[in-house]
Each structure stands twice: as structure tokens, then as C-alpha cells.
Amino acid sequence: MLEVKDIVKEYAKHRALDGVSFSISKGSIFGLLGPNGAGKTSLIRIINQITGPDEGQIFFDGELLNESHISRIGYLPEERGLYKKMMIGEQMIYLAQLKGLSKSQALERSKTWFERMEMETWWNKKIEDLSKGMQQKVQFVATVIHEPELIILDEPFSGFDPVNVDIIKKEILNLNKKGATIIFSTHRMESVEELCDSIVLINKSKKILDGRVSEIKNSYRTHTFRVGYEGQQPLPASPLFNVLSSTATESGTRATIEVLNGASINQVLSHLITQIEIQELVEIMPSIHDIFVKQVTANH
């Protein structure tokens with residue numbers, strides 16, 4: 001769907017993007033990650049053709065990015081922008097027409113979305129009369145009402161309570177299921193774990209990591225496991241593993257072990273079951289949050 005090739009962007013003496021390249025598969029949910037000031041917003045603005053790159057190219061569905069692609073993109077910016085004095089229903093129809101819908105299409109889709117998002121009673125209200133979370137829902141609908149092929153969401157859950165976060169997550173997944181490709185920029189790493197197929201991590205204007213979430217997590221495995229077993233006795237010593245921690249529980253003991261010397265977990269299990277009654281054995285996988293912090297700190 002989108003191929004970003006060697007993008008460079010400079011503002012005065014500051015280089016916001018330095019040779020950034022990655023690709024986004026059609027129909028995926030893609031996480032664009034990085035600390036504040038990393039260059040994410042600069043890249044989003046280039047994809048939306050708000051600004052242009054100083055060097056490099058972006059391809060949209062195999063074509064060099066151009067004005068004809070604008071109507072195929074929906075963009076929810078972090079800094080929301082709606083007309084505060086304008087009636088919400090009237091504003092939605094106006095924004096939908098700007099994206100190429102006829103007035104009748106805009107009206108029909110607005111009513112459908114207002115019903116889905118439980119916004120029916122807001123039609124004749126003004127934006128300034130709504131809470132921040134309610135305004136966010138209006139902005140989200142304005143972003144997707146023209147059924148774009150590529151949807152760019154910059155901090156989409158900002159200002160939402162947990163109930164509305166779940167509503168927006170559900171709609172993001174529905175849009176993706178219907179074929180939309182979604183770029184998801186956020187600091188909420190738990191949402192990345194839950195929603196994203198692939199990610200790119202940008203820090204200090206450079207790409208430092210990209211790939212499928214499952215493959216990235218697998219590459220950062222630490223070979224640590226949680227072992228739950230009956231009794232309060234310590235785990236028997238073994239050249240197969242180190243015991244990193246051990247805690248008594250109501251039903252026994254929970255220990256964290258690190259498997260050593262290329263040993264397999266089957267070998268560890270065979271060793272343990274002859275000496276303790278195991279209740280659970282679970283690998284402790286690194287979270288995207290842990291990987292994010294580790295990579296950003298290493299490149300600090």
C-alpha cells in the first residue's frame with residue numbers, strides 16, 4: 001500500500017527525518033512509534049502532502065504519491081481541528097463533500113455513523129458545546145466518513161474514557177476488516193500490542209527498528225520463564241537454568257528462571273517434573289513497551 005524510501009526532511013538547521021525507509025502492507029494495521037520529537041509528525045505530514053520531503057520518495061499503491069491520492073486518505077491529526085461555532089451535522093456533511101461525496105451520500109453516511117457512535121442527539125449542537133471526548137468522536141467520524149483506503153490516526157485515543165476507547169478500537173478493527181490500511185501513531189504501547197500487525201520505531205530522525213510485531217518480540221526473547229509449583233521449597237539447582245527470583249503464593253511458589261547454555265525448555269521441564277509438582281510454566285515475552293524503552297535508551 002505505502003512504500004517510504006529514503007525520506008529526508010530538514011527545518012532550518014534541524015534534520016527531522018534522516019533517510020527513513022519502510023513499507024506498509026495493504027490491509028495491515030501499522031504502528032508508527034517513537035518518542036516526542038523523533039520525526040513521526042513530520043513523516044505523517046509528508047504522507048498527507050501537507051509538506052514535501054527534501055529527499056526521497058513515497059509510493060502509494062505503486063504510484064509516486066500525488067494529489068490524486070489525497071481523497072483516498074483519511075487523517076486524524078493529534079491537534080484536532082473542527083469549526084467550533086458550526087452545527088455538527090452541517091459540519092460533517094461539509095467535510096464529507098470536501099472528500100468527494102455528494103450531498104446525499106454525505107447525509108446518508110453521516111446519519112449511519114452518528115447512530116453507530118451514539119451521536120444521534122448531537123446533530124444540531126455546536127462543537128464548543130461538547131466535551132473533549134465527544135469532540136474526538138466527531139473528528140474520528142469526519143476522518144473515516146469517505147471510506148478511505150488509507151487511514152492515518154495520530155494519538156486516536158487521546159481524551160477518551162475507557163468505554164469510548166473500546167468503541168473506537170472496535171471501529172478501527174471493523175474498518176481494517178473491510179480492507180482499510182491503517183497507520184497508527186501512539187504512545188500507548190498496550191494498544192500497539194493489541195492492534196498492530198507491524199511497526200516502525202523512529203528515534204532522533206532515524207529508523208531504528210521495523211518489522212512484524214510477532215517477529216520483533218521473538219527476536220528480543222530473553223529465555224526467561226515463570227514456573228509455578230506446589231510447596232515452599234526452592235527450585236533444585238541445575239546447570240540448565242538460573243533462578244532469577246522466587247516468591248511464595250497461596251498455592252505454592254512462583255519462580256522466574258533463565259534457561260542457560262542453549263538448553264531447551266523440554267530439558268528443563270524433564271528435569272523439574274521429577275522433583276516438583278508444576279502448576280504452570282510460561283515464557284515471559286518482552287512487551288513492545290519494553291522493546292521501545294530499550295531501543296530508545298540505547299540510542300539516546
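**Entry 1**

I started with Tyr-83, which I found in the loop between β6 (73–76) and α2 (88–98). I kept in mind that this is a predicted model. Tyr-83 has 45% relative accessibility, so I noted it as partly exposed.

**Entry 2: rings**

How many aromatic pairs does a search of the whole structure find? I got five. One of them is Phe-22 with Phe-30, a stacked pair with 5.3 Å from centre to centre and 10° between the planes. Phe-22 is buried at 6% relative accessibility, and Phe-30 is buried at 3%. I also looked at Phe-114 and Trp-123, whose ring centres are 5.0 Å apart; their planes stand at 65°, so I wrote this pair down as edge-to-face. Here Phe-114 is buried at 2% relative accessible area, whereas Trp-123 is partly exposed at 22%.

**Entry 3: charges over rings**

Next I checked for charges above ring faces. The charged end of Lys-169 sits over the ring of Phe-157, 5.9 Å from the centre. Arg-116 lies over the face of Trp-113, at 4.2 Å from the ring centre.

**Entry 4: salt bridges**

Arg-116 came up again, this time in a salt bridge with Glu-171, where the closest N and O atoms are 2.4 Å apart. This pair links distant parts of the chain, as Arg-116 is in helix α3 (residues 103–116) and Glu-171 in helix α5 (residues 162–177), 55 residues apart. Is Glu-171 buried or exposed? Glu-171 is buried, with 5% relative accessible area, while Arg-116 is partly exposed at 33%.

I searched the whole structure and got 15 salt bridges. Among them, Glu-149 pairs with Arg-72, with 2.7 Å between the closest N and O atoms. Glu-149 is in the loop between α4 (132–144) and β7 (150–154), and Arg-72 in the loop between β5 (63–64) and β6, 77 residues apart.

I also noted Arg-254 with Glu-280, at 3.3 Å between the closest N and O atoms. Arg-254 is in strand β13 (residues 252–259) and Glu-280 in strand β14 (residues 278–283), so this bridge ties together parts 26 residues apart in sequence.

**Entry 5: a threonine contact**

My last stop was Thr-224, in strand β11 (residues 224–229). Its side chain makes a polar contact with the side chain of Thr-222, at 3.0 Å. Thr-224 is buried, with 10% relative accessible area.

Technical notes:
Residues are numbered from 1 along each chain as its sequence is written. This is a predicted model: local features need pLDDT of at least 70, side-chain atom pairs count only at pLDDT 80 or more; totals for chains, interfaces and linings use all residues. Side-chain values use heavy atoms; hydrogens and water are left out. Helices (H or I, at least four residues) and strands (E, at least two) are DSSP runs, numbered from the N terminus. Buried means under 20% relative accessible area, exposed over 50%, partly exposed in between (1.4 Å probe, protein chains only). Rings of Phe, Tyr and Trp (its six-membered ring) pair if their centres lie within 6.5 Å; planes under 30 degrees apart count as stacked, over 60 as edge-to-face and the rest as tilted. A charge sits over a ring if NZ of Lys or CZ of Arg is within 6 Å of the ring centre and within 35 degrees of the ring normal. A polar contact is a pair of N or O atoms within 3.5 Å; within protein, one must be able to donate a hydrogen and the other to accept it, and residues adjacent in sequence count only if both atoms are side-chain atoms. A salt bridge is a side-chain nitrogen of Lys or Arg within 4 Å of a carboxyl oxygen of Asp or Glu.
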